[in-house]
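Take a moment to look at the sequence and the fold, and then read on.

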Amino acid sequence: MSTPKKTNENGNPLFGMLGTASTMGMHMISGPLVGGGLGYLCDTCLFDSYPIGLSIGVVLGIFAGFRNIYIDAKYLQREEKRYDEENKVNNNK
């Protein structure tokens with residue numbers, strides 16, 4: 001079962017692709033914040049080793065942010081290719 005594609009009022013699917021592209025910057029902010037927060041929580045509540053858990057959490061958060069950006073970029077490439085192929089077929093008719 002595929003998810004419905006986001007379109008604007010004219011039925012243009014590029015609107016949904018723009019939404020995906022706009023969230024890519026948020027991944028680089030949310031990843032380190034969440035990772036750092038979890039690392040800090042582990043430091044203060046569980047292990048009492050303040051800078052180590054925070055540092056590891058921030059680094060893992062950065063990696064997670066880049067991973068999410070990579071996944072979104074691959075999705076945008078697939079969607080752009082599909083959109084271009086559909087337009088090529090429609091323009092040849």
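Helix α1 covers residues 14-47, and its 34 residues reach 48 Å from first C-alpha to last, close to the 50 Å expected at 1.5 Å a residue (the expected span is 1.5 Å times one less than the number of residues). Helices here are DSSP runs of H or I with at least four residues, and strands are E runs of at least two, numbered from the N terminus. The model is predicted: local features need pLDDT of at least 70 and side-chain atom pairs pLDDT 80 or more, while totals for chains, interfaces and linings use all residues. Residues are numbered from 1 along each chain as its sequence is written, and side-chain values use heavy atoms, without hydrogens and water.

The chain as a whole has two helices and zero strands, and 22% of its 93 residues count as buried (under 20% relative accessible area, 1.4 Å probe, protein chains only).

Back in α1, the buried residues include G16, M17, G35 and D43. The buried residues of α1 pack against α2 (50-92). After α1 comes D48, with a positive phi near 55°.

D72 sits in helix α2. Leaving aside neighbours within four places in sequence, D72 is in contact (heavy atoms within 4.5 Å) with T20, T23, M24 and H27. D72 is buried without a salt bridge (a Lys or Arg side-chain nitrogen within 4 Å of an Asp or Glu carboxyl oxygen).

| Item | Value |
|---|---|
| Helix α1, first to last C-alpha | 48 Å |
| D48, phi | near 55° |
| D72 to R78, nearest side chain of opposite charge | 8.3 Å |

Key:
Buried < 20%, exposed > 50% of the residue type's maximum accessible area, 1.4 Å probe, protein only. Lys, Arg positive; Asp, Glu negative; His and termini not counted.
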